[in-house]
Structures are given as C-alpha cells and as structure tokens.
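Open the model in your viewer and keep the selection panel at hand. The stops below can be taken in order.

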Amino acid sequence: MSRQVVRSSKFRHVFGQPAKADQCYEDVRVSQTTWDSGFCAVNPKFVALICEASGGGAFLVLPLGKTGRVDKNVPMVCGHTAPVLDIAWCPHNDNVIASGSEDCTVMVWEIPDGGLTLPLREPVVTLEGHTKRVGIVVWHPTAQNVLLSAGCDNVILVWDVGTGAAVLTLGTDVHPDTIYSVDWSRDGALICTSCRDKRVRVIEPRKGTIVAEKDRPHEGTRPVRAVFVSDGKILTTGFSRMSERQVALWDMKHLEEPLSLQELDMSSGVLLPFFDPDTNIVYLCGKGDSSIRYFEITSEAPFLHYLSMFSSKESQRGMGYMPKRGLEVNKCEIARFYKLHERRCEPIAMTVPRKSDLFQEDLYPPTAGPDAALTAEEWLGGRDAGPLLISLKDGYVPPKSRELRVNRGLDTSRRRTAPEASGTPSSDALSRLEEEMRKLQAKVQELQKRLERLEDTVQAK
C-alpha cells in the first residue's frame with residue numbers, strides 16, 4: 001500500500017484572522033460602480049477607499065489607526081467630476097496617491113500627515129491625455145515619479161509625474177480592444193497586459209515592442225487578469241469555456257502550454273491576483289466572493305501548489321493589499337488584506353503560526369523599501385534596476401514626509417496651491433492672496449468714487 005507524502009512547506013498552515021469590530025472602518029459608503037478594480041489602496045500610513053459621491057467622484061483617505069465609525073462629514077478627496085475607478089499609492093512616497101476616473105483624467109494628490117482636515121479639491125498635478133475613462137493606474141516599482149495609466153480608449157500612457165507630461169504611448173496598434181489589467185515586472189523593465197481580444201501580452205514599454213504574446217490563455221469570454229510572478233513566470237486568472245474559474249501559470253519564454261492549470265469553482269466574479277515576491281505566495285480574491293485562496297509558487301513541478309482558503313460569511317466588494325513594510329513582524333504576519341463590505345472595511349491578517357516571539361528571518365527576507373532605485377530620466381534612458389531592499393528585523397520606521405516636486409514651467413495651471421488640505425498656506429499662496437486683496441481694495445475705492453459722483457449728480461438735479 002502506497003502512502004501519500006505531504007509536501008513540506010512553512011506556509012502550509014497560514015491562516016486568516018479578521019480584525020475585531022473596533023479595528024474596522026465602519027459606516028463607509030463603498031462605490032457601487034461596476035468596475036473590476038480593488039476600490040481600495042493601502043500603505044503603512046493610510047487606507048484609501050473609493051466611495052459613493054454625489055456630483056462627481058471622490059475617495060476617502062484615513063490614517064491607518066483611525067478605526068471605528070467614520071463621521072459622515074469626514075473630508076474626502078473630491079476633485080474628479082465623474083466617478084473614480086482606480087487608486088494607487090506611490091511606492092516611494094507614502095503621502096502621494098494617484099486616481100483614475102470616468103472624467104478621462106488621472107490626478108495625483110498629496111495627503112498631509114495625520115490625514116485631511118478639509119476636503120481636498122486641488123491635485124498636485126492633473127494628467128490629461130486619455131479620450132475615454134481611465135480604469136487602471138499603476139506606479140513604476142523602482143523609478144521615481146513614473147506612473148502608468150490605461151483607459152477605455154485602448155491606450156496606455158506612461159507619465160513623468162515630475163513634469164506632468166506623457167513620455168510614452170502604447171496606442172491601439174498594440175491593444176485593439178479594452179485593457180483588463182496591467183502589471184509591471186519587479187525591475188520595471190516590462191509590463192504584462194490582458195485585453196478583451198483574449199490575448200495576454202508582455203511588452204517593453206520604452207520600445208513599444210511585444211516581447212511575448214499568448215492567445216486565449218483561458219477559453220472563456222469573461223475578463224482575464226495577468227501578473228508577473230517569480231523567475232520570468234506569469235500567472236493568469238480567467239474562465240473556462242464552461243464558465244469555471246481557472247488559475248494558470250506560464251513560462252514567459254514558452255507560452256504554448258501552461259506549466260500548471262487548475263480549475264477552482266463556478267462563481268462569476270473576476271479573480272484579482274496579489275503576488276508576494278518575498279514568500280512566492282499568490283492570493284486570489286474574487287469580487288462577490290466571501291473567500292481568499294492562496295497558492296505557493298515553486299521552481300519544480302507542479303509549480304503551483306494550493307495552500308488553503310480563508311472564508312467568511314459576507315461577500316467582498318473590493319480588496320486592498322498592504323505592502324510588506326506595513327506588517328507586524330512580531331506576530332508573524334506575512335500579508336494583510338483590507339476587505340470592503342457594503343458599509344465597512346475589514347482588515348484580515350494572514351499569519352504563520354510560530355511559537356517564538358523572535359524575528360523569523362525565513363519569513364521576512366529583505367523586502368522592497370520606500371526609496372526609488374532610479375530617476376525617471378534614468379529609466380527612460382534605458383536603465384533598469386531591482387527595488388532597493390530593506391530589512392524588517394528591527395521593524396519598519398517610515399521616513400519623514402517627502403514633498404512631491406512638479407516642474408511648474410510645464411504645469412502652472414494644475415499645481416496645488418490651496419491651503420485647504422494641510423491647513424498651513426505656503427508663502428506663494430500667501431503672496432497671491434495679498435495681491436488679490438490689493439486688487440479688491442482698489443476696486444472698492446473706485447466704486448466709492450463712482451457712488452460719490454452719482455450722489456453729487458442727483459443733488460445737483
């Protein structure tokens with residue numbers, strides 16, 4: 001009689017632990033928009049949620065520790081004129097967030113430490129170039145101030161946020177139909193896209209060339225998602241011809257057949273993949289699901305190993321994923337999700353059970369830090385570099401706030417000058433206010449003189 005050998009893995013017993021009620025964000029009106037994005041973005045300082053808003057698009061930004069019931073009059077970021085579809089925190093500045101909207105624009109915002117005290121209406125920079133709604137915004141993982149946006153005009157634009165200019169364009173000759181997902185490689189040299197034409201493409205964005213392409217990675221007609229994983233592999237989620245949800249792993253150099261293809265269930269929600277390069281675990285979260293599945297990727301067959309599944313009673317409207325430097329290493333937390341309910345945001349910690357309270361080096365190899373490895377000019381000039389790594393052994397200490405510098409010569413009309421976000425006006429803003437006051441006083445004096453002349457005329461008559 002043969003005995004089945006269980007594969008050894010330190011992540012076999014990873015379990016999900018939802019936060020207690022007082023550690024959740026209650027009474028938030030999550031967006032009802034039917035768009036397949038996470039609707040939530042998280043970093044070690046803030047959690048941002050796309051919310052329902054009358055008369056335009058808005059999203060809510062809260063300091064991570066400000067849990068509990070959210071005041072209905074809490075100030076929001078509300079500069080868009082149509083619903084917001086996607087948001088993304090800058091990996092190199094925890095106070096900077098980008099948003100894409102149905103109003104065809106991308107806006108970049110700077111959030112003051114401690115959160116907003118007044119509604120924020122003026123972005124640092126507005127990026128205009130798309131002709132239809134913008135549904136995807138993704139920051140470059142290693143280059144400073146490089147942002148990618150994809151719109152329903154089937155165009156991908158790469159922006160230098162420091163100048164407010166679109167520096168690269170991938171037009172409709174590359175993607176003839178709606179773009180479903182875009183993901184940067186770990187060093188930012190390539191992007192991986194999935195499209196409505198049922199093709200997954202690997203593209204060198206600076207040259208505009210397609211490095212690899214796979215037609216129909218999944219036979220179904222529903223949207224496909226694709227992300228880079230370790231060692232030049234790509235993971236895709238999609239649907240079979242019988243509408244079964246699938247996850248597949250591909251070798252970028254040999255896309256004829258998948259390394260692994262697994263069928264999951266018959267649910268209809270699109271699976272959003274989140275990959276952790278430090279542990280080689282991929283988490284699959286479906287919109288409308290009440291579960292999070294996780295798999296481990298290895299370099300030997302069968303390559304994709306199912307680990308476990310976290311289940312809860314309520315379905316999720318969206319999902320945010322915390323970067324590794326925002327986790328609690330003393331609790332052996334290897335991932336944290338922010339699950340959006342209809343009126344609530346609930347943190348879920350993924351933990352490896354360990355008896356010791358000491359730092360577990362095997363769980364926390366050096367991870368991507370907050371410093372950029374390249375400038376935008378260096379990356380555009382052809383240089384590539386992996387992320388600058390930091391150790392989490394002594395815990396992560398966030399750096400001081402960094403100001404996002406924008407070249408005003410190119411973007412004077414869109415530069416944020418309003419004091420409303422931080423409560424402390426800049427010297428430029430004060431000088432402009434003083435100039436406007438002087439002009440108003442001059443107009444008042446001129447009106448008073450006219451009134452005196454009119455009174456003299458009336459008395460003479």
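This is a predicted model: local features need pLDDT of at least 70, side-chain atom pairs count only at pLDDT 80 or more; totals for chains, interfaces and linings use all residues.

**Stop 1: the cavities.** The model has four cavities of 30 Å³ or more. For the largest cavity, select Lys45, then His92, Asn93, Asp94 and Asn95, then Pro370, and finally Pro399, Lys400, Ser401 and Arg402; these residues line it. The space inside the largest cavity is about 50 Å³. Colour the selection by residue class: two of the lining residues are nonpolar, four are polar and four are charged.

**Stop 2: the second largest pocket.** This pocket holds about 560 Å³ of space. Centre the view on Ala19, Gln23, Glu328, Lys331 and Arg336, which are the closest to the pocket centre among its 19 lining residues. Next, show strand 1 (15-18), strand 29 (333-340) and strand 30 (344-351), the elements that each give two or more residues to the lining. Which strand gives the largest share? Strand 30 does, with four residues. By class, the lining of the second largest pocket has nine nonpolar, five polar and five charged residues.

Stop 3: In cartoon view, residues 77-111 are 63% strand and 0% helix. Draw a distance between the end C-alpha atoms of residues 77-111, and the value is 9 Å. Residues 127-169 are 56% strand, again with 0% helix, and their end C-alpha atoms lie 13 Å apart.

Methods
Residues are numbered from 1 along each chain as its sequence is written. Side-chain values use heavy atoms; hydrogens and water are left out. On a 1 Å grid over the protein atoms alone, a cavity is a set of points where a 1.4 Å probe fits but cannot get out, and a pocket is an open set with protein on both sides within 12 Å along at least five of seven lines; lining residues have an atom within 4 Å of a point. Grid points are joined across faces, edges and corners, and a volume is the space filled by probe spheres set on the points. Ala, Val, Leu, Ile, Met, Phe, Trp, Tyr, Cys and Pro count as nonpolar, Asp, Glu, Lys and Arg as charged, and the others, Gly among them, as polar.
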